[in-house]
Amino acid sequence: MNSAIGIIFGNMNSSVLQGLAQDRPIAAVPFGGRYRLLDFALSSMVNSGIRTVGLITPQQYRPMLDHLGAGKDWSLDRKSGGLFILPGVIHSLGHHTIRFSLRDIANNIDFLEKDCAKNVIISSSDQVFNLDFRPILEHHERAEADITLVYNQSVQPLEEEDIIYLKMKPGEKVTAMTKNKDMAGLEGPWPYFIDLLIIRRELLLQMIEGYGSIETIELSEVIAQHLGSLSIQGYFFGGYAGRIRSVKDYFLNNMALLQEEIRQDLFRKNRPIRTKIRDNPPTKFGKRAQVENSLISSGCTIEGKVVNAILSRGVVIEEGCEVQNCIIMSKCTIGRNSRLENLIMDKFVEVNEGSVLQGRTNKPMVISKKAVI
């Protein structure tokens, strides 16, 4: 897709995930047993034919770069285009609630100026989706739009305070953007922006010239200020887009993968979610192993009972264990006769024999990386 390049904000607010993002950006947090959150936005762009992607990095960028390497697993290790690592500045400004900082883009203006693409696709890195950008770009061009905002609809207003609701005329022309769910004239369903947009490159450069020196301004604020003078379109996605804004969000969106219809929506054969390839042996199931409705990655050893759980690579579940409604990341070992329920366990955790750990569905217990229990 030579008419567009991509920018992914990999420096989204990580404090919302407690210890899960203590030493890694939210973009690099494991998801679904074998993926990282970043994989969904990056794969959607690559599968849509985008061959130039800029990744705005946070302060703790090492886990992200370790996962991406040169971009080979996403076919971005190229002589022309490819994956560009763009240093972010927002982590030094202290404003962690900003989503798409114009200051971050201004700091990497060379990335925009050196390319001749007509449009820029911008995405967050803290949500899971599988989207083909090509029909959105076609809609963008047919409508001769300056900006196209991708949205979903909700029957009820969402709980998050930073949700941006859209008001549109027939033909999906956006006339209002607000975080106020009670805005006049909007009774539902509730169209809300899902942090995906297309903007003309020259327009983005103009916005940087006018607003890029302001530390705390974000792109959506600038767009909202110019609704009357710009042609801004909405595009209804309608697919699954799981937002990760809290530990509860992270837990529920992982658990949603146990539903077949959601797996089919996210993991499509014609648009695969790509990730770093690791060579592991198949999972070993013992004679007394019991597994129900779970996603089990390669390299695991299971001797106990696993129900409604997601296990990453190399997890060991010893004999007599009961694991239910859990997310267990790589290289964890659960000792004999232990009982785990409603928890998120980070990498390299050791649970001693006979331990009982129990959280709640709406407030799962989080076990930090390398903990010994």
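How do the residues lining the largest pocket divide into nonpolar, polar and charged? That was my opening entry, and I kept in mind throughout that this is a predicted model.

**Entry 1: the largest pocket**

I looked up the lining and found that it divides into six nonpolar, seven polar and six charged residues. The volume of this pocket comes to about 540 Å³. Its lining holds 19 residues, and I noted Leu158, Glu160, Tyr192, Ala241 and Arg243 as the closest to the centre. I then asked which elements contribute, and found that β8, β13 (242-243) and α8 each supply at least two lining residues. Helix α8 gives the most, with four residues.

**Entry 2: helix α8**

That sent me to α8 itself, which spans residues 247-255. Is this helix mostly covered or mostly open? I found it mostly covered, with seven of its nine residues buried. I wrote down the buried ones: Val247, Asp249, Tyr250, Phe251, Asn253, Asn254 and Met255. Two of these names, Tyr250 and Asn254, came back when I listed the lining of the second largest cavity.

**Entry 3: the cavities**

How many cavities of 30 Å³ or more are there? I counted two.

I took the largest cavity to begin with; about 50 Å³ of space lies in it. I found it lined by Arg99, Asp162, Ile163, Ile164, Phe193, Asp195, Glu218, Ser220, Arg243 and Arg245. By class, that makes three nonpolar, one polar and six charged residues.

Besides Tyr250 and Asn254, the list includes Pro30, Phe31, Ile310, Ser312 and Met329. Here β2 (30-31), α8 and β21 (322-328) each supply at least two residues.

**Entry 4: the second largest pocket**

I moved on to the second largest pocket, with a volume of about 280 Å³. It is lined by 17 residues, and nearest its centre I found Arg36, Arg278, Arg313, Ser330 and Lys347. The lining as a whole has four nonpolar, six polar and seven charged residues.

**Entry 5: helix α5**

Next I checked α5 (residues 133-142), where Phe133, Ile136, Leu137, His139 and His140 are buried. Why do these residues lie on the same side of α5? They do so because they cover an arc of only 160 degrees around the axis. I reminded myself that an α-helix has 3.6 residues a turn, so residues three or four places apart point the same way.

I also looked up what these buried residues pack against: β1 (4-9), α1 (38-47), β6 (119-124), β8 (147-154), β11 (190-200) and β12 (232-236). Strand β8 was already in my notes as a contributor to the lining of the largest pocket. After α5 comes glutamate 144, and I noted its positive phi, near 50 degrees.

**Entry 6: proline 282**

My last stop was proline 282, in the loop between α9 (260-266) and β14 (284-285). Is this proline buried or exposed? It counts as exposed because its relative accessibility is 70%, and the cut-off for exposed is over 50%. Even so, I found contacts: leaving out residues up to four places away in sequence, proline 282 touches Gly299 and Cys300. I also checked serine 298, which is 16 residues away along the chain, and its C-alpha atom is separated from that of proline 282 by 5.0 Å.

Notes:
Residues numbered from 1 in each chain as written. Predicted model: local features only at pLDDT ≥ 70, side-chain atom pairs only at ≥ 80, totals over all residues. Heavy atoms only, no water. Buried < 20%, exposed > 50% of the residue type's maximum accessible area, 1.4 Å probe, protein only. 1 Å grid on protein atoms, 1.4 Å probe; cavity = no way out; pocket = protein on both sides within 12 Å on 5 of 7 lines; lining within 4 Å. Points joined across faces, edges and corners; volume = space filled by probe spheres on them. Nonpolar A, V, L, I, M, F, W, Y, C, P; charged D, E, K, R; others polar. Arc of directions from axis to C-beta. Contact = heavy atoms within 4.5 Å.
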